[in-house]
Amino acid sequence: MSVAPRRDDDPPEPSGGRPAGPVRRGRSRLWARLIGPDGPVGQAHAALSYYALLISTLFLLTFGLIMVFSVQSVTIAAGGGSAFTAFLRYLVIAGVGLAAMVATSRIDRVWLQRLAVPALLLAAVLQSLVLVPSLATCAGGNCNWVRLPVVGQAQPSEFIKLALALYIGWVAARHKERLRGGWSVVLFVFAPAGAAIGLVMRGGDLGTVVILALLMAGALWMGGLGKTWFVGLFAAGLVAFGGATMLSANRRARIMAWLHPEAADPLDVGYQPLHGRYALGTGGWAGVGPGSSRQKWGYLTQADSDYVFAVLGEEFGLVGTILVIGLFAVVGWCCLRIMRRSQDLYVGVVTGGIMCWIIGQALVNIGVVVGILPVLGVPLPLISAGGSSLVFVLTAIGVLLSFARHEPGAERAFSTHGGAVRRTLAVISTRRRNRA
């Protein structure tokens with residue numbers, strides 16, 4: 001039997017004479033990518049991070065709008081208000097967030113870097129307004145909202161999250177030596193960040209403080225802070241968390257209800273976690289259908305915010321919850337891809353902080369609803385109702401889109417696609433005129 005001659009472009013044969021199949025080649029490329037150096041890879045889609053992040057964000061936002069309307073159509077109508085008017089107002093907020101996302105995605109990283117310090121100062125000033133009794137708004141022992149002219153009720157701590165990620169990136173890019181340890185990292189990172197976080201803690205919002213700690217951990221890890229610092233900060237954080245919990249009767253009750261759910265009062269501190277699990281159990285595999293949740297009818301008092309994932313699970317079932325978790329996983333993968341393909345320290349630090357903020361907050365919220373974490377009172381990004389959270393999460397996504405637009409080869413890919421679209425429209429327009 002004759003054997004075809006081997007060409008130069010044929011794949012090499014491994015030892016044993018067996019041709020290397022596509023699965024083995026794929027595994028080899030994946031392993032080489034995991035252990036290889038950072039930077040772009042040949043044949044990789046240059047604009048994949050941008051489009052995957054944008055599409056997954058829009059899908060999550062769509063889910064969020066559906067769930068907010070589903071819950072508020074009951075809760076607001078029960079209070080005598082118009083659910084459609086309230087939802088229209090929320091749509092306007094979502095539109096503002098989308099506009100901020102698009103505008104931020106067009107800002108060059110140089111300008112984002114220049115805006116870092118002013119943004120953190122402005123965020124701290126706004127957060128300090130929670131100390132003014134006439135402006136502060138409290139709910140459940142948390143006084144982290146303020147009433148502002150024109151804007152209405154807002155939560156400045158959401159602005160602090162974005163500003164803190166940008167600020168740590170600025171320190172890492174402009175003054176990298178200050179992240180090597182010693183008093184420089186204390187003075188230029190922990191002192192400003194501690195002041196901002198202290199203002200949030202002064203308002204009684206321990207859940208947001210936990211998310212800010214996750215954000216700082218992700219940013220500082222990408223900035224190259226020594227591992228010894230992380231060990232010490234983790235230990236100090238545990239002590240601070242324990243102290244803040246013990247000083248509040250409400251937080252102590254939540255922790256005890258989490259540790260001993262069978263002993264928690266089902267009409268008091270154990271009420272929300274219990275009905276959240278009821279909602280997930282009722283949903284089953286495919287859910288009871290959009291808008292058909294039973295728990296939102298006054299059983300879950302935080303149905304459109306902290307426990308919106310429970311209502312989502314009841315209406316869309318396990319399939320819907322897995323889909324939402326998968327979309328957050330895509331957002332996290334896009335962040336990892338941006339960090340991996342960029343050689344810019346600023347991009348890596350800011351992306352690491354934003355990833356730990358959005359994905360970490362999503363995991364904390366979902367963990368609370370399913371019962372593996374104590375109640376911390378943090379919303380589910382892009383899904384829960386909350387104008388401040390929605391606007392600043394979308395703005396943070398805009399920052400990531402800006403980084404993705406400047407990945408190696410991405411700008412050329414966008415210009416090529418734009419030219420193809422213009423040529424297509426020109427052909428369609430010409431044919432339309434010829435047929436007229």
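**Helices, burial and contacts**

Reply: H6 and H7 are roughly antiparallel to each other, a label for angles over 145 degrees, while under 35 is roughly parallel, 65 to 115 roughly perpendicular and the rest oblique. This is a predicted model, in which local features need pLDDT of at least 70, side-chain atom pairs count only at pLDDT 80 or more, and totals for chains, interfaces and linings use all residues. Residues are numbered from 1 along each chain as its sequence is written, and side-chain values use heavy atoms, with hydrogens and water left out.

Me: At roughly what angle do the axes of H6 and H7 cross?

Reply: Two packed helices are described by the angle between their axes and the distance between the axes. The axes of H6 (residues 157-174) and H7 (residues 183-202) cross at roughly 180° and come within 11 Å. An axis is a line fitted to C-alpha atoms, for helices over the stretch in contact, and angles run from 0 to 180 degrees between N-to-C directions. Ser157, Ile160, Leu164, Tyr167 and Val171 of H6 make the contact with Phe188, Val189, Pro192, Ala193, Ala196, Ile197 and Val200 of H7; contact means heavy atoms within 4.5 Å. This contact has eleven nonpolar residues, one polar and no charged. Nonpolar covers Ala, Val, Leu, Ile, Met, Phe, Trp, Tyr, Cys and Pro; charged covers Asp, Glu, Lys and Arg; the others, Gly among them, are polar.

Me: How many helices and strands does the chain have?

Reply: The chain has 15 helices and three strands. Helices (H or I, at least four residues) and strands (E, at least two) are DSSP runs, numbered from the N terminus.

Me: How do H8 and H13 cross?

Reply: The axes of H8 (residues 206-223) and H13 (residues 345-370) come within 7 Å and cross at roughly 150°. That makes H8 roughly antiparallel to H13. Their contact includes Ile211, Leu214 and Gly218 in H8, and Gly352, Trp357 and Gln361 among the H13 residues. By class, ten residues of this contact are nonpolar, seven are polar and no charged ones occur.

Me: What span should H8 have?

Reply: The expected span of a helix is 1.5 Å times one less than its number of residues. The 18 residues of H8 should span 26 Å, and its end C-alpha atoms are 25 Å apart, which agrees. For H3 (residues 83-105), 23 residues should span 33 Å, and the ends are 33 Å apart, which also agrees.

Me: Which residues are buried in H3?

Reply: Buried means under 20% relative accessible area, exposed over 50%, and partly exposed in between (1.4 Å probe, protein chains only). The buried residues of H3 include Ala83, Phe87, Tyr90, Ala94 and Met101. Helices H2 (48-78), H4 (109-114) and H14 are what the buried residues of H3 pack against. Over the chain, buried residues make up 44% of the 436 residues.

Me: Is glutamine 361 buried or exposed?

Reply: Glutamine 361 is buried, with a relative accessible area of 1%, and lies in helix H13. Leaving aside neighbours within four places in sequence, glutamine 361 is in contact with Lys161, Ile211, Cys356, Val378, Pro379 and Pro381.

Me: What is phi of leucine 382?

Reply: Phi of leucine 382 is near 70°, a positive value in a residue other than glycine. Leucine 382 is found in the loop between H13 and H14 (387-405). Leucine 382 is buried, with a relative accessible area of 5%. Glycine 224, which follows H8, also has a positive phi, near 95°.
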